[in-house]
Amino acid sequence: MTEKDFIPQSYQRELIGGSITWQAPSNIALVKYWGKKEPQIPANPSISFTLDSCRTTTMLEFKKKETADKNITFELYFEGKKKEDFKPKIKSFFKRIEAYCPFLTDYQFVIKTENSFPHSSGIASSASGMSALALCVMSLEKELNPDLSEGYFNKKASFLARLGSGSACRSIEGELIVWGKHKNIENSSDLFGIKYPYKIHKVFQNYQDTILLVDKGTKQVSSSLGHNLMEDHAFAESRFEQAHRNLDKLRGVFETGNLKGFMEIVESEALTLHAMMMSSNPYFILMKPNTLEIINKIWAFRENSGLPVCFTLDAGANVHVLYPEKDAGKVFEFIKNELVAYCENEQYLCDRIGNGAKRIDN
Ligand code: PMV
């Protein structure tokens, strides 16, 4: 598929107004996306677990304009209050998707959005937020064109979400999503995420992710800036090749349930992501001392207990602790007794692999 396939030709119906609500999850990458080209084309393919309870709920109210104009007009409420400072990001998202959703200028919108996780938790809400909004826009398109197939709907929702925030394209469906062209993954695309198409061993069912909130402040370096710094990064090419190789290796891991192999790839990916930040120009560090304390504790616990618990990181100081459901009792005891003390205000979130976004108003 190409971008052109997402430009609608005509609409079958007319709508005066209504509202649509979607709940979309966050996701955590196992092979990381870090580096991009315009327009949000990833420099390497990535794969993520879709999460379950870290979600954004977004309601899109729409009303046909009395007189047509060329502007996209909307009001935005976050957790019940008008939020002017979120508007520029949504405005540029709408601008980027307008060519694919020309009906946007026909309506006036009110967007009401909220997260299931605390706003100042250091958890990026852009993936769940942009995917929830993209899904609302797609449901509006489906009301105008009821014949859209489910496959096209999900692909285009992922395509639109990507234009809002790259990793958001992996938050439409569950449970494992690949985004970015990889020669050995059929139908993989730089334009949208696809469900991982090969066998997944049952040990990964309900895989657990406990998110340790090490630092809830805002990041000193945004991920957009970080992506851009990969452009003339000394290690860029070998990093991008490594991501392709890690995806190849994961295929065997997912098929056989080889958790040792899984943990090696996932932890190496997390540390490589941060190594790229530390070796870019200018360089920066997003981990905090407690991030490293937690990593060392996890390694010591794994050595002593023999349990398959590992970590991954996103572009921040928080630590995602990953482990199979069958070991949840013992690992959770360890987390409570030994890791929670390193979190800001002892805060953490319990999550697991999820099935993807849900429309919740019908
Ligand atoms: O989607 P963005 O631009 O916020 O970038 C996300 C990048 C990482 O979270 C660090 C990695 C990933 O693949 O999600």
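How do the residues of the shell around the ligand divide into nonpolar, polar and charged? Five are nonpolar, five polar and two charged. Here Ala, Val, Leu, Ile, Met, Phe, Trp, Tyr, Cys and Pro count as nonpolar, Asp, Glu, Lys and Arg as charged, and the others, Gly among them, as polar.

The model is predicted: local features need pLDDT of at least 70, side-chain atom pairs count only at pLDDT 80 or more, and totals for chains, interfaces and linings use all residues. Residues are numbered from 1 along each chain as its sequence is written, and side-chain values use heavy atoms, with hydrogens and water left out.

The residues around the ligand (a heavy atom within 4 Å) include Lys 32, Tyr 33, Trp 34, Ser 165, Arg 170, His 227 and Leu 273. Domain 1 (3-199) and domain 2 (206-352) each supply at least three residues of the shell; the bounds come from an automatic or database domain assignment.

For a side-chain N or O atom of His 227 the distance is 3.0 Å. For a polar side-chain atom of Ser 165 it is 3.3 Å. The protein covers 89% of the 380 Å² of accessible area that the ligand has on its own (Shrake-Rupley method, 1.4 Å probe).

Strand 10 (residues 208-212) and strand 13 run antiparallel, joined by five bridges; pairing requires at least two DSSP bridges. Strands are DSSP runs (E, at least two residues), numbered from the N terminus. Leu 212 stands opposite Tyr 348 in strand 13. Along strand 13 (residues 348-352), Leu 349 and Asp 351 point to one face and are buried (under 20% relative accessible area, 1.4 Å probe, protein chains only).

Technical notes
A polar contact is a pair of N or O atoms within 3.5 Å; within protein, one must be able to donate a hydrogen and the other to accept it, and residues adjacent in sequence count only if both atoms are side-chain atoms. Buried means under 20% relative accessible area, exposed over 50%, partly exposed in between (1.4 Å probe, protein chains only). Helices (H or I, at least four residues) and strands (E, at least two) are DSSP runs, numbered from the N terminus.
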